[in-house]
Amino acid sequence: MTISPLDASGGTAAAAARQRVPKQTMDSEVFLHLLVTQLANQDPSAPMDTNQMISQTVQLASMERLNTLTAAQQTSLEVQQRTAASSFMGQHVTSADQPPVEGIVTAVTFTANGPVLSVGEKQIALTTVIAVRDPQKTEAPAAAPDNDLPENTRSPEEAAPAKPNAAASLPNSLPNVLPS
């Protein structure tokens, strides 16, 4: 016959392990429990101030709304991340990983840590993507004008910036207020 050991409080070790662990955060359940306890134990000759009770109830309602809003924003962020990750399908991406992973996205997986893109045999997190381009458009960027040329070799349009004509920019419907 096995006898379970006793702990310092006189109970068994198994009973101690089943004890309720106190909550570490205040939520609406704890708040309402405290409010009901306060109302039940108040002095009848000096009842709780109704303004104070209403204020506490409003604070509870505000806290609940903020929690709901936070959950809604988190859901919205997840949907936006999924949409963004899905839009990378068939696109050429480059990651910030070392060494950088570069190639066409062939699949998107959604994990607890966020969307993951499949590029060839490699997996890259959506948050590490630093460049995206359409694989069909591999044109070189247009050359910038060469501003290192001497002034006398530039055309007059290149040498002097265009000056806006103030009178030309006025609408014709305005009365002529400039002195003649």
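Predicted model: local features only at pLDDT ≥ 70, side-chain atom pairs only at ≥ 80, totals over all residues.

Residues are numbered from 1 along each chain as its sequence is written, and side-chain values use heavy atoms, with hydrogens and water left out.

The protein chain has 4 helices and 5 strands (DSSP runs, H or I of at least four residues for helices and E of at least two for strands, numbered from the N terminus). Read from the N terminus, their order is α-α-α-β-β-β-β-β-α. Of the 180 residues in the protein chain, 13% are buried (under 20% relative accessible area, with exposed over 50% and partly exposed in between, for a 1.4 Å probe and protein chains only). Among the contacts with a separation of 6 or more, 39% join residues 24 or more positions apart; contact means heavy atoms within 4.5 Å.

The largest nonpolar core comprises 10 residues, including Phe88, Val105, Leu117 and Val129. Such a core is a set of buried Ala, Val, Leu, Ile, Met, Phe, Trp, Tyr and Cys residues joined through side-chain atoms within 4.5 Å. Beyond its neighbours within four places in sequence, Val129 is in contact with Val93, Thr94, Ser95, Leu117 and Ile124.

Ser118 belongs to strand E3 (residues 114-119). Ser118 counts as buried because its relative accessibility is 8%. Its side chain makes a polar contact with the side chain of Gln123 at 3.0 Å (a pair of N or O atoms within 3.5 Å; within protein, one must be able to donate a hydrogen and the other to accept it, and residues adjacent in sequence count only if both atoms are side-chain atoms). Not counting residues up to four places away in sequence, Ser118 touches Ile104, Val105, Thr106, Ala107, Thr109 and Gln123.

A cis peptide bond leads from Gln98 to Pro99, with omega near -5°. Pro99 lies in the loop between strand E1 (92-95) and E2.

The largest pocket holds about 220 Å³ of space. A pocket is an open set of points on a 1 Å grid over the protein atoms alone, where a 1.4 Å probe fits, with protein on both sides within 12 Å along at least five of seven lines; lining residues have an atom within 4 Å of a point. The volume is the space filled by probe spheres set on the points, which are joined across faces, edges and corners. Of its 14 lining residues, Gln81, Thr111, Asn113, Gly114 and Pro115 are the closest to the centre.
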